[in-house]
Amino acid sequence: MTHYAEDDLILYYYGEGRKRVEIERHLDECGACAATYRDIAGTLAIVTEPELPERGDQYGLEVWQRIRHKLPEQDVPWWMLWFRGERLMLVGAAAALVLAAFVAGRYWPRQQAATVASGPAPTAPSAATTDGATAQRQRILLTSVADHLDRSERMLTDIMNTSDHRDISTEQRWAEDLLTTSRLYRQDAADIGEQSVASVLDDLERSLLEIVHSRPQISAADLEQIRRRIDAAALLFKVRMLSDELRQRENAPAPSATPRTSTRKIG
Amino acid sequence: MTDATEASAVLARARQGDGEAFRALVERHSRSVFRLAYRMTGNEQDAEDVVQESFLRAYRQLGRFESRANFGTWLYRIVANCSVDLMRAKQARHDQARGESLDAANEMPAAQTPGPERLAESAEIERRVRQALGALSPLERAAFTLRHYEGRSIDEIGKTLGLGTSAAKHSVFRAVKKLRMALQPLRSE
């Protein structure tokens, strides 16, 4: 008579395994295997469900409150990056640039040829032209960022001065719009080497996110926490300083051919 | 909007980084996540840590979640694996090879060996079972919990814990053998 291994009997106990009918018949006939099986079943019968500690209806909310400030960046599959809004805008902008370059290329040689025919000094597209375009782009971006910072400052001031126990849904909508814009500007600023601008925008986004993700009927404690974080990061100060700096640069004489990279550390 | 459509809309928004949508998922699944975490770890504080870590891990990995799959099942896997990770970390911290401490579970000091009347008490049985479960390795405990308490098949256990069927099966076997040995004195008294 072939006896069954303990492993087979464990699977049998849990209703798994392929030889169920054979094992059942064998257990009726074999005292040794039946004793082993009784021992397994007896042991597992003792291992009963532990009593679960109660968790109330608000438990989900409690968990959320614990993790909301710890949410990490989401991992994004590489192929999805191309379908994100910001990327699509960048791709669109790149396509527009290529198109503009193509159109310009179609007309540029003719004008140049005309200049050569009529004028004494032939001119080739120079590095200065490219630098000028970069500086122009930088100038436009920094002006837009300064406006953005002014708007953000107004919103943050509103949050800092609002009375406790009130509806902040208006500020949240405002913050949501600012957040979208801020991300785009931060990316552009990083692209052109304006690291200090990108850094302040990054700080700003954290506070905007926190405001957006709060409950509209915010509690005094939550509001206080947001304010403390804004204070701790000296965010209002940084926003004001950066806005002033960008305005000064905006009003400064036209930049030289060398692209300017801000190295001033704010905060 | 049906519940299913709404759930899938919430999930889609959460995958795009919408914190409010993820909050809805957390509120919906927290209790079941805690239940599994508690069964896996057998400890309330550890279970709370697993709940928190599981949701943070889920948020980070949401982009990899396939929308055709079931979010609950996906989250279930994360919780099971977080539990194993936490138990392993705890094991390493305490510098105790609890998976090999089967002997320790059997070697109860004579003075503490309870008499028949005490053994009859369910609290004592529960304590001994808890001790025996605590002596399993993290993987054995996880596989056993999924099989014994959660009623998962060996195949499902393998998929949940990222193991082959054979490895899942042997984890359950080892767990049951260790429990049999550890609880033998209880049954014979």
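Predicted model: local features only at pLDDT ≥ 70, side-chain atom pairs only at ≥ 80, totals over all residues.
Of the 267 residues in chain A, 20% are buried. Contacts in this chain also reach across the sequence: among those with a separation of 6 or more, 72% join residues 24 or more positions apart.

Helix 8 of chain A covers residues 169–191, and helix 9 of chain A covers residues 195–212. Their axes come within 9 Å and cross at roughly 155 degrees. An angle over 145 degrees counts as roughly antiparallel, and helix 8 and helix 9 of chain A are therefore roughly antiparallel to each other. The crossing of these two helices is left-handed. On the side of helix 8 of chain A, the residues making the contact include A:Leu178, A:Leu179 and A:Tyr185, while those of helix 9 of chain A include A:Leu201, A:Leu204 and A:Leu208. Sorted by class, the residues of this contact comprise 14 nonpolar, 3 polar and 6 charged.

The view can now widen to the meeting of the two chains. Here chain B contributes 40 residues and chain A contributes 33 residues. On the side of chain B that touches chain A, at least two residues come from each of helix 2 (19–41), helix 3, helix 7 (122–134), helix 8 (138–148) and helix 10 (165–188) of chain B. Helix 2 of chain B gives the most to this side, with 11 residues. The side of chain B that touches chain A has 18 nonpolar, 9 polar and 13 charged residues.

Finally, one residue of chain B deserves a look of its own. B:Asp46 sits in helix 3 of chain B, which spans residues 44–61. With 17 other C-beta atoms within 10 Å, B:Asp46 is partly exposed, because a residue needs 20 or more such atoms to be buried and 12 or fewer to be exposed. Once neighbours within four places in sequence are set aside, B:Asp46 is in contact with B:Thr41 and B:Leu86. Between the C-alpha atoms of B:Asp46 and B:Phe34, which are 12 residues apart along the chain, the separation is 10.0 Å.

Terms used: Residues numbered from 1 in each chain as written. Chains lettered and ligands numbered in written order. Helix = DSSP H or I, 4+ residues; strand = E, 2+ residues; numbered from the N terminus. Contact = placed C-beta atoms within 7 Å. Nonpolar A, V, L, I, M, F, W, Y, C, P; charged D, E, K, R; others polar. Axes fitted to C-alpha atoms, helices over the stretch in contact; angles between N-to-C directions. Parallel < 35°, antiparallel > 145°, perpendicular 65-115°, else oblique. Left-handed = near helix turned anticlockwise from the far one by under 90°.
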